[in-house]
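Me: Hi! Could you walk me through this one? I'm new to reading structures.

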Amino acid sequence: MMASRAFAVVAAARSLMLRRSLHTSRGVNHATPVSVVNLDRDAPRGHLPSFVRLHPALWASLKSQTPSAIAALGSRFHLITPNMPEDEFDRRVALLRVACTHPSVLSVQETAFSLPMSVKERKQVPELHETIEHNAQLATLGNSLLGMISAEFFHLKFPHLPTRVLKAFVSAFVGPSTLADVGSEMGILSQGVQRWDRTGSSSLVRRTPRGGTTTVPLLSKDVAAQSVRALVAVMFQELGMAATRGFIHSYLLSRRLDLALLLKFHDPKRVLSATCKKYGKPVPQSRMIAETGRLSINPVFVVGVYSGAVKLGEGTGSSIRMAEYRAAEDALRRLYLSEKPDDSFTLPSTTLDDMFSGQAPLPHSLKMAASRTMAPVHVPQPLGRSEVLHESRG
């Protein structure tokens with residue numbers, strides 16, 4: 001009992017000291033009794049419109065971007081520089097806002113506008129009457145630029161790639177998953193950057209491997225990938241082709257990936273025979289290089305596939321047939337993944353550098369990346385032979 005009374009007295013004393021400190025901070029005379037100060041009435045209160053309090057998910061999707069977050073993102077994408085004039089800064093920020101606005105915001109605005117609200121409540125939320133510009137057209141242009149720049153690089157870097165494997169390479173380096181990962185690393189999904197439907201009511205239509213279509217919900221990674229495409233288009237418009245190509249090579253095409261995993265064959269021996277016939281080489285033959293434990297439970301065979309006296313590939317397996325299969329696969333991978341040095345070819349898009357030079361000078365942060373892909377004179381590469389179509393898919 002005594003302990004509880006002592007605790008109550010200490011709590012009352014602390015409460016009294018707190019009230020006196022608050023009372024003193026407001027400039028009230030110390031002679032005024034403490035009971036006159038109404039803490040509930042005088043405490044500061046934040047005011048939020050009723051729409052924000054009643055529909056937080058719609059407001060989170062509809063609210064405009066934070067200027068500081070947009071400026072930081074533009075700096076990471078080399079579109080905002082420290083010494084930029086104020087009018088140019090405002091114009092770039094407006095472009096970045098559009099590039100980070102997904103078309104799904106329009107459905108959110110329509111849903112929010114249809115809610116029953118008074119005229120006063122509608123005036124408190126200017127986003128309800130805003131003319132929203134989204135990034136659909138920018139993303140289409142950016143996707144074309146990503147496909148062109150990556151396809152020309154892999155076509156010249158790996159001259160023996162079949163068409164379907166080339167498409168698989170392009171999808172692996174500039175596809176939606178890679179763009180979403182790069183965008184997340186650069187802060188494109190940071191707080192106050194994106195405007196998109198966060199309520200879960202929007203969906204996307206995607207193609208299935210068999211040629212059909214399916215509907216999937218709209219996710220943040222889809223929004224990030226589309227925003228990266230739109231930002232690439234903004235970079236092309238503002239900084240030109242050389243800067244865009246340098247950015248794509250530095251941030252996307254430089255990523256490490258085991259390209260051998262993209263090559264799959266159902267009948268590699270038949271494909272290898274057709275390939276040797278196309279290049280006028282002798283018919284490939286399988287030869288035993290080594291073996292051990294033929295009569296044991298775990299035999300190992302090493303088989304090499306030869307075209308004349310040249311060994312094309314080598315494979316191991318627990319059976320001769322498996323070793324031949326892997327040897328043919330190894331030979332095809334050696335052919336398809338044979339690389340040319342970067343300085344042995346010039347990219348065709350370098351011929352567009354002067355035509356699409358951008359509306360602003362190239363920033364210093366992109367000069368070195370752009371210079372690595374520039375060439376003083378374009379030398380067209382010779383056209384290769386027609387590819388082997390049988391089982392040459394990626």
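Me: Which helices do the buried residues of H6 pack against?
Reply: This is a predicted model, and in it the buried residues of H6 pack against helix H5 (67-76), helix H9 (136-157) and helix H12 (220-239).

Me: And which residues of H6 are buried?
Reply: They are Arg92, Val93, Leu96, Val98 and Ala99.

Me: How far does H6 reach from its first C-alpha to its last?
Reply: Helix H6 (residues 86-99) reaches 20 Å, close to the 20 Å expected for its 14 residues at 1.5 Å a residue.

Me: Back to H9. At what angle do the axes of H9 and H10 cross?
Reply: They cross at roughly 125° and come within 9 Å, with H10 covering residues 163-174.

Me: Is the crossing of H9 and H10 left-handed or right-handed?
Reply: The crossing is right-handed.

Me: New topic, strands! How many residues of S4 are buried?
Reply: Seven of the eight residues in strand S4 (residues 300-307) are buried, so S4 is mostly covered.

Me: What does S4 pair with?
Reply: S4 pairs with strand S3 (residues 285-292) in the antiparallel sense over seven bridges. S4 also pairs with strand S5 (residues 310-317), again antiparallel and over seven bridges.

Methods: Residues numbered from 1 in each chain as written. Predicted model: local features only at pLDDT ≥ 70, side-chain atom pairs only at ≥ 80, totals over all residues. Heavy atoms only, no water. Buried < 20%, exposed > 50% of the residue type's maximum accessible area, 1.4 Å probe, protein only. Helix = DSSP H or I, 4+ residues; strand = E, 2+ residues; numbered from the N terminus. Pairing = 2+ DSSP bridges. Expected span 1.5 Å × (residues − 1). Contact = heavy atoms within 4.5 Å. Axes fitted to C-alpha atoms, helices over the stretch in contact; angles between N-to-C directions. Left-handed = near helix turned anticlockwise from the far one by under 90°.
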